[in-house]
Amino acid sequence: MSTEHDAVSAQEQAMVARAVAGDRDAVAQVVRSLQDPLYRLALRMVWRPAEAEDATQEIMVRLLDHLHTWRAEARLLTWAYRIGVNHLLNLRRQSPQEAAHLSLDAFREGLADGLSEADHRGPEAVLLTAEVRLTCSQGMLQCLARDERIAFVLGDVFELSSTEAAWILDITPAAYRKRLERAKKRLGNFLNATCGLVDPAAFCRCSRRVDKALALGRIDRGRPVYARHPVSAGGRTAAEAERQMIRLHDAASVLRAHPDYAAPQAKMDAIAGLLGSGRFPLLEET
């Protein structure tokens with residue numbers, strides 16, 4: 001990863017060095033720089049924010065425990081992704097789709113069942129349609145095996161290079177590209193045959209799934225999980241992500257077009273509390 005090593009900034013190395021030496025401000029800076037990207041990674045893998053919050057906290061604890069092992073062989077975020085991916089691939093908790101072994105074919109059948117003849121109307125129609133789209137794209141990702149899901153998330157959602165993604169997964173770039181291609185083909189076939197955002201001839205429309213999604217409790221009219229999720233400072237909102245998706249108008253853009261979610265502050269405050277708990281040897285008084 002020589003090119004990746006070249007991308008590691010002196011500022012980043014200095015920050016980590018201070019953190020490992022016991023500088024609490026530097027440790028907090030490390031946490032702040034990584035918490036949102038790691039949360040977005042966890043959210044795309046475990047589906048629901050509550051589970052993603054727990055996973056992010058677990059990843060951050062593991063990362064701080066091993067921060068002294070970072071040797072600038074990759075950017076700090078890339079190294080953090082490697083720790084996060086290893087944790088998420090081995091996570092015992094399962095999403096409902098994983099637990100039910102739901103396939104993309106079964107997911108497609110579910111979308112066809114109860115599709116309204118007309119678009120949802122009302123003052124919250126735009127918001128609820130966005131919530132259906134975001135929930136649906138999260139759900140279809142869960143229909144992939146974890147190794148295919150993480151390959152797709154790293155490559156087509158986070159847009160990492162095959163070299164970088166392969167290093168994170170500890171496989172060869174050729175093996176990674178093969179895994180990614182398999183995931184892209186499965187999701188592409190599904191979306192081309194199903195999603196009206198990708199192919200106007202396909203049967204499904206987010207605006208016609210709203211009533212069924214409300215009836216099944218898959219979205220909450222009063223508390224949209226994704227459409228009103230807090231975003232990182234300066235990050236894309238749900239509306240901005242959707243505008244980008246419409247311009248691109250392809251299968252990958254539908255799955256990529258989530259806002260730049262921010263890690264919920266309560267969990268990050270809990271991590272900050274751990275920093276002063278004596279839990280981490282690197283923060284003990286010298």
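The sulfur of C204 lies 6.0 Å from the closest cysteine sulfur, which belongs to C136, and this is too far for a bond. The model in which this separation is found is a predicted one. In general, a disulfide is a covalent bond between the sulfur atoms of two cysteines.

## Overall composition

The protein chain contains 15 helices and 0 strands. It has 286 residues, of which 51% count as buried. Among contacts between residues at least 6 apart in sequence, 78% join residues at least 24 apart. A112 belongs to helix α7, which spans residues 104-112.

In soluble globular proteins, nonpolar side chains tend to be buried together. Here, the largest nonpolar core has 80 residues, and L41, L63 and L154 have the most contacts inside it. Helix α3, residues 24-46, supplies the largest share of this core, with 12 residues. A second, separate core has 7 residues, including C206, V210, L214 and I219.

With its neighbours within four places in sequence set aside, L41 is in contact with Y81, G84, V85 and L88, and also with I150, V153, L154 and F158.

## Packing of α3 against α5

Two packed helices are described by the angle between their axes and the distance between the axes. For α3 and helix α5, residues 76-89, the angle is about 35° and the axes are 10 Å apart. The crossing of α3 past α5 is right-handed. On the α3 side, the residues that meet α5 are V30, L34, P37, L38, L41, A42, M45 and V46; on the α5 side they are L76, L77, A80, Y81, G84, V85, L88 and L89. By class, this contact has 15 nonpolar residues, 1 polar residue and no charged residues.

Helix α9, residues 146-157, is largely enclosed by the rest of the structure, because 11 of its 12 residues are buried. The buried residues of α9 include the charged residues R146, E148, R149 and D156. Also buried in α9 are I150, A151, F152, V153, L154, G155 and V157.

E159 follows α9 and lies in the loop between α9 and α10, the latter spanning residues 162-169. E159 has a positive phi of about 60° although it is not a glycine. D170 also has a positive phi of about 60° without being a glycine. D170 is found in the loop between α10 and α11, where α11 spans residues 173-194.

## Accessibility of selected residues

The table lists relative accessibility for residues discussed above.

| Residue | Relative accessibility | Class |
|---|---|---|
| A112 | 42% | partly exposed |
| E159 | 55% | exposed |
| D170 | 58% | exposed |

Methods: Residues numbered from 1 in each chain as written. Predicted model: local features only at pLDDT ≥ 70, side-chain atom pairs only at ≥ 80, totals over all residues. Heavy atoms only, no water. Core = buried A, V, L, I, M, F, W, Y, C linked by side-chain atoms within 4.5 Å. Buried < 20%, exposed > 50% of the residue type's maximum accessible area, 1.4 Å probe, protein only. Helix = DSSP H or I, 4+ residues; strand = E, 2+ residues; numbered from the N terminus. Contact = heavy atoms within 4.5 Å. Axes fitted to C-alpha atoms, helices over the stretch in contact; angles between N-to-C directions. Left-handed = near helix turned anticlockwise from the far one by under 90°. Disulfide = S-S within 2.5 Å.
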